[in-house]
Each structure stands twice: as C-alpha cells, then as structure tokens.
Amino acid sequence: MRRLFDWLVAMIVLLLGRRRRKPPEVEERIVPHAPPDRRAETVLIFLFTVSAVCAGGFIAVVALDRIGNQTPYLGLSLGLSLAFLAAALVLLAKRLVVTEEIDEPYTPVEHPVEQAELDELIAESGERFTRKRLVTMAGAGAVGTLGLALAAPLVSLGPVFDLESFATTPWRRGRLLVGEDGRPLHADEIEEGTFYTAYAAHADREQLGSPLVLVRLPLSELHLPSPRERWAPQGILAYSKICTHAGCAISLYRYPLYPEAEPRPALVCPCHYSTFDPATGGTVIFGPAGRPLPQLPLAVGSRGVLRAAGNFSGPVGPSWSGVRDHKPSSPA
Amino acid sequence: MIRRAVRYLDRRAGMAPALKKALRYVFPDHWSFLLGEVAMYAFFVLVATGVYLTLFFEDSTAPTHYHGPYKPLDGMEMSHAYRSAVDLSFSVKAGLLMRQTHHWAADVFIAAIVLHLIRILCTGAFRKPRELTYYIGVTMLLLALLEGYLGYSLVDDLLSGMGLAIGYSVALSLPFIGPNFAALVWGGPFPGSGAFWSRMYIAHVLILPILIGGLLLTHLALVAARHHTQFRESPRHTERRVVGVPTFPGYAPRSLGLACAVAAVLFLLGWLVQINPIWLWGPYHIGSSTNGAQPDWYLGWLIGALRLVPGFDVVIGHYTVIPNPFWGGALFPLLVFGALYLWPRLERRLSGDYAFHNLVERPRDNPLRTAAASAFLTWVALVFVAGSADRVAVYFGLSYVGQIWFYRVFIWVGPAIAFFIAKRVCEELVAGEHAEKVRKAAEERAKAVFEQA
C-alpha cells in the first residue's frame, strides 16, 4: 500500500512538475540538487505512451469479438504494456530522480527502561492474588477445554472412527468384470503381451476397490502362492489396479520383448515405479511398495464371460497402520 | 495539490511523522536483496489472476459432460471442476492467459522464496535479532508449497488426480493416526466425499492466501522494525548505522519497476510458454493414470524421496506399523523443515555466537556455515534430481533401476563432498583476498622505496 501511495505521489509530482512554479530556494534541502535531463525525460514520456498504447491494445482485443484465438494478442499486449512501464520506472529511478545515499542509526537493541516498567506493571497488577498458580491453572483449564469444545465439531468432517470402509470393495463371488466401455469381458478377448483394465459391473467405478488390471500368462509360467492355484483360469490374472504404495493406477506393463534385458513380465506404477510380478501373485520386485498387489480370484462363466470368484487377497490401495489385519469385505 | 493531500491526511490521521519516516526509510542496496521482493510481487500477481479465475471456476466433482470448442474432449464424462477449468481456458476471454500466468506465477513465487531463503541462510541474515522474520519466512514457504499443491489439485485433471492420490497415501501412512486423519480430511476413503473439493477450494482461495498475506505483512513489519541487514561494503557500513537509498525518491521507482518487470515476465510467460495443458491430460478417473508423471517443480523433491525409499513397510509380526510413503512423503519434508526451523538455534549453540548482527557475512566469510548449507541443499537437490530419473531413462537410455541405486547411495555421499568443496572454496577465496591485500601493500611499499631512491 505504502509503495502504491508513493508511486501515486511520484506520478502526481511528475504530472504537475512542469506547471508548478519553482519553490523559493531554501538553504537546507532534504534531497540534494541535481541538473535536469531533458533527453531522459523525453524517453520516459515515450515509454509511458507506448505502455499506454499496449494497454489500450489489450482493451481493444477484449472488446473486438471478431478476433478469434485472442490469447496471443492479449498476452503480448498486456505483457509489453507492463514491460514498457517497468522500463519507464527503471529509467525514472536511474536517470531522473535523485538517488542519494543516506544513513541512519539502526534501532536500539533493547529498551531496558520499558522492559523493567513492563515487568513491574505485571507484577504489581497481580498483587491481590494469593494462589496465583491455582488461578492460572483453573483459567488455562477453562480456556483450553473451551477450545477443545469448539474444535470438537470437526470430527463430523469425516468418518474418523469407521475404518472398515477402507477395506470395502465392490467385488464378491460371481460379480461380472466389465471393460472401460461397460461391456462384459470374455476370456478369449484377453491376449498375452498386453494389459486390460476392468471394473466391477453395476458398481461405482470411482472407488479404490473397483479397477482391475488383467493380464494373460502361459500357465507354465505361473507360480502363484497356495491356495491361489485356481485363481487364474487359462492363465488370466486379475490384480487391483491401484498401487499399494501411493494409490496411483498401474498403467505400465513391462513385457519382455527381449528376455535377456527384462527377464519377466511386470506391472509397473508410473508414479514411483513400484514393480509387481504378476506370475507370483503380485509380489514387489522393485520400487517403494511395501505390500504385494492384491489379487482377485477369477472364474470363467457361461459363454466365456469373466467373473470374480471371491474378494481380493488383501486390502486394496495404499497401506495404513494395521492394514494387514483387515480382510477385504464386500458391501452389505 | 500534494500540499493539500498531506495537510488533509495529517489533520485527520496524524500521519505526517509516520509518512516522513516511511519515505525516508533506508534500503541498503544489493542485487540479492531483490529476491524476496520478486516473491512478494509474484504473490500480488497470484492474487490478482487468482481472483479472476475464481469468477469462473466451479469447485464440484459432480459428474457432467463437456461440450465445447475443444473437440477431443467433446462428450466426455468429467467433473464440473475439470470442465470449468477447460472452459475458462478456451471459452472465457483472457481465461487461458490468466490461468497460465497464475500457474507460472506460482512456480516463480516458490522459486523466488527458495532463492531468497538460500541467500538468507548463506549470509547469516537469520541471526539475532532477525530470527522471527526468518521463522515466518520458512512458514510462508511451507504454506506456499501446500497452496500450490492444492491449486493444481483443484483442477481435477488426470495428473493432479494422481497427485491427490499420492497426498492421500502419505496422509494414510502416518503411523497409527493415518486412516483416522485421512478419513477426517477427505471425508472418507479416497477419493473422499464431495465436500472434500469445497474444503480444498476454500483453503486455496481464502484460508491459505489470508495466512500467507498476514505472515507477509508481519514479515515486512519485522524487517522494517529492525531495518535491513547490509554487507560491509565500506567503512560507513557498520553494525550501528544502516546506509542506503531512501524509499522516496530513490528506491520507490526501482521497486515499482521491479514489480512491473515481474508482472511483465509472468504475463509474457503466460502468453508464450504453455504450462499445464490440462486438456491434454484429460479428466481424472481412479482407474487411469498417465506415464511419465511429473509434478510442478516445487514438489519434485517429494516425488524423488518417495521413489528412492526401498520397498518395505515396518511390520511387527503381522501388524503394519509404518507404511512406506511415510518416509519419503512425511518424514523427509519434516526433517528438511525441521532443519530449517532449527538452523538459527543450532548455529548459535554450535558457534557460541549470541551477539546481535546487523551486518551480514559474505558466504566465504563463514566457511563452516556455507559448507553446512551447501551440504544440506545438495542433499535436498539430489533427492529432487532423483525424482526425474524416469525422464532421464527415457531420454538418455540409462537404466532406471541403476539410477535409483546410484541415488540411494549418492544422496548421502554427495552432501559430504559438497561440504568439503564449499569449505575449501570459501577458505581459498578468503586466502586469495588476503594474498591480494599483502601484494598491494608490498607494491605500495616498493613504490615508496623506489620513489625515495
């Protein structure tokens, strides 16, 4: 604000400076005398004018509907207007106003007299109390409890004590898998070497438990931990698409085109590159994730449609304290 | 007219003495003192452009469909938040310019704060009696980071949605209280209740800006109360007297020139250099993500930390005590900001220097401090650089896994190297100056002897 005011004052001084009569010479000036610089003044007036023209151009572009795709003209005119104004002010500072160097004392380090007076003031004001400590504690207790009381309604911000909802998923035995287009997924659509995204049919897709990533591997390459031997019919594996590290969707499938370079297929999260092995039940083979990717047991139903054969092998999504003690549950 | 205004104000508000003092306030001059001002002016641009954006933005995640001039998104399902952000980019006059300038201003704002902080750290400007100013500055940096994160999260595009998922995971990973805390903030498990968007919005456009603005005023008031620090440029610059250019007429036009230059650069960037093209990312859905995801630069150190931590949860028996994102997402920033907050006390304790200081030191004048600051900054910078290892893998074909293992070791070795290099450079610079002084004195003496002879 102060600077704005200063600037306004400076502008007014400049505008009126020409017409005002010279002030009578005083012996002691505040600001030292310096000779005028007409050339710099001319340039300054020019810069102000160009700045105004650019700003006017901005107004014109906004006003004219006929100019399609306005952003370039708007940005150029506004940016240049500000740039010319900046140039004008720098010129003003460098060539036209008096830049004198002055010094003044730093403020005193402390004020011992006032400090002593404050101490005394407080000590004398409290003289009538006989049980100062108890009074202070009672007062602090009242104010503190009132503060807690006022903060208490904040628990209604969220289900702070309901942690079961963190392990709830829309999956249960028999639930259909649908693709991104909403059609049921068939086993014979799932090819090796690529990955598919699936969701729980007839359920909200925007919950951590819904999205799946599907891959197909040769049956001979599967080494699923027991009792998951029958979880991948025809070698089709379904995992939660949500990384157990930080909740991003897994969207990279490292499929070894050159087995020497990348020994086995892996599901990779693009946020922090947690890497999971689909052949061994989603175990972590690289990156920061601390928990395997939860696997969903699959079953191939009539006419080859894919269905869930139960719920996930573990809680879906990022971990929390005690996450392993929660079993994924289906909504009631 | 000026005369009348001055009389009017003085008779109503008794302002003449204060105004006189303000106009003759002394600003010591050094280029590095401008960094804080750049941050302040970027903040003004942020407020101005931000207010314009709030007039068009809708803070709702309720689903809707986009119909507008940008055909690739036509008919797509998305939230009102994302649709309104796309609309204000394509269908509102000056909307795209304001949005891009706002985003650029946020990046420049935080960059300027960080450079300002480095300047303060390396010159010892945080020392008594200016610790409060320093603590407030560090707090403003913390709030600015949060403010920036909320700002780009509000848009609800695919990239920012992933950022929110990570933020949620870090909140969830806080030992013991994690799920309760996350449920409180998000209003339930991710993606949370619809009210979460209103909470982010009010925090971004009202609560945090007011906090930052209030702290900014306090920061400036404290600077003014103790006056600026200065370098010992001449014998006139002492601990007792401050030397510089007065606000008026000398300093005001310079500072206002800087303000206009900052605004000009930001608007020209907003015009010329595309930033966060949200229409290319598409709307966020929980089951989608984009590859090569990189946040705004000021969160790079956190994504680096999250990526570097090896894959483990702290588990006792079958009980998960500390989930993995805690280390990189919560503990690391806690340590960094803890170190920043404790720096003045630690330095006082270690150096035994409890005196008042109005003169700041050049980095070379205090080799130990400069070395410690270099080590600290190198540590954070290496973690930051590690966050871009995936891009390096794509552009240069270096193994991602190999890079991560390199950084896991080098973030500890690098700071040690930086410490010794910085210390040595400082000592050599001082020694060089001393040698120069000795040489000059010897030359003078030789000249005198020669002239005598």
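The following legends describe close-up views of a predicted model.

Residues are numbered from 1 along each chain as its sequence is written, chains are lettered from A and ligands numbered from 1 in the order in which they are written, and side-chain values use heavy atoms, with hydrogens and water left out.

**Figure 1. Overall form of chain A.** Chain A contains five helices and 12 strands (DSSP runs numbered from the N terminus: H or I of at least four residues for helices, E of at least two for strands). Its radius of gyration is 37 Å, well over the 20 Å that the globule rule gives for 332 residues, so chain A is more spread out than a compact globule. The radius is taken over C-alpha atoms, and the rule is 2.2 Å times the number of residues to the power 0.38. Along the principal axes, the C-alpha atoms of chain A fill a box of roughly 105 × 80 × 45 Å. Of the 332 residues, 41% count as buried (buried, under 20% relative accessible area; exposed, over 50%; partly exposed, in between; 1.4 Å probe, protein chains only).

**Figure 2. Salt bridges that join chains A and B.** Over all chains, 24 salt bridges are found (a side-chain nitrogen of Lys or Arg within 4 Å of a carboxyl oxygen of Asp or Glu). One of them pairs B:Arg24 with A:Glu100 at 2.7 Å, N to O. B:Arg24 lies in the loop between helix 2 and strand 1 of chain B and A:Glu100 in the loop between helix 3 and strand 1 of chain A, so the pair joins two chains. Both B:Arg24 and A:Glu100 are buried. A:Arg324 and B:Asp313 also form a salt bridge, at 3.7 Å, N to O. This pair likewise joins two chains, because A:Arg324 lies in the segment after strand 12 of chain A and B:Asp313 in the loop between helix 12 and strand 5 of chain B. B:Asp313 is buried, at 10% relative accessibility.

**Figure 3. A salt-bridge network in chain B.** B:Arg127, B:Glu347, B:Asp353, B:Glu361 and B:Arg369 are linked in a network of salt bridges. Within it, the closest N and O atoms of B:Arg369 and B:Glu347 are 2.9 Å apart. The pair links distant parts of the chain, with B:Arg369 in helix 14 and B:Glu347 in helix 13, 22 residues apart. B:Arg369 is buried at 4% relative accessibility, and B:Glu347 is buried at 15%.

**Figure 4. Nonpolar surface patch.** B:Val409, B:Trp412, B:Val413, B:Ile417, B:Ile421, B:Val425 and B:Leu429 form a nonpolar patch with about 640 Å² of accessible area together. Patch residues have over 30% relative accessible area and no salt bridge; nonpolar side chains (Val, Leu, Ile, Met, Phe, Trp, Tyr) are joined within 5 Å, like charges within 9 Å. Areas come from the Shrake-Rupley method with a 1.4 Å probe, and only the protein chains shown count as cover for residues. B:Trp412 belongs to helix 16 of chain B and is exposed, with a relative accessible area of 55%.

**Figure 5. Backbone geometry in loops.** Most residues other than glycine have a negative phi, and most peptide bonds are trans. The bond from B:Lys128 to B:Pro129 is cis, with omega near 5°; B:Pro129 lies in the loop between helix 5 and helix 6 of chain B. A:Tyr273 has a positive phi, near 60°, and is buried, with a relative accessible area of 12%.

Terms used:
Predicted model: local features only at pLDDT ≥ 70, side-chain atom pairs only at ≥ 80, totals over all residues.
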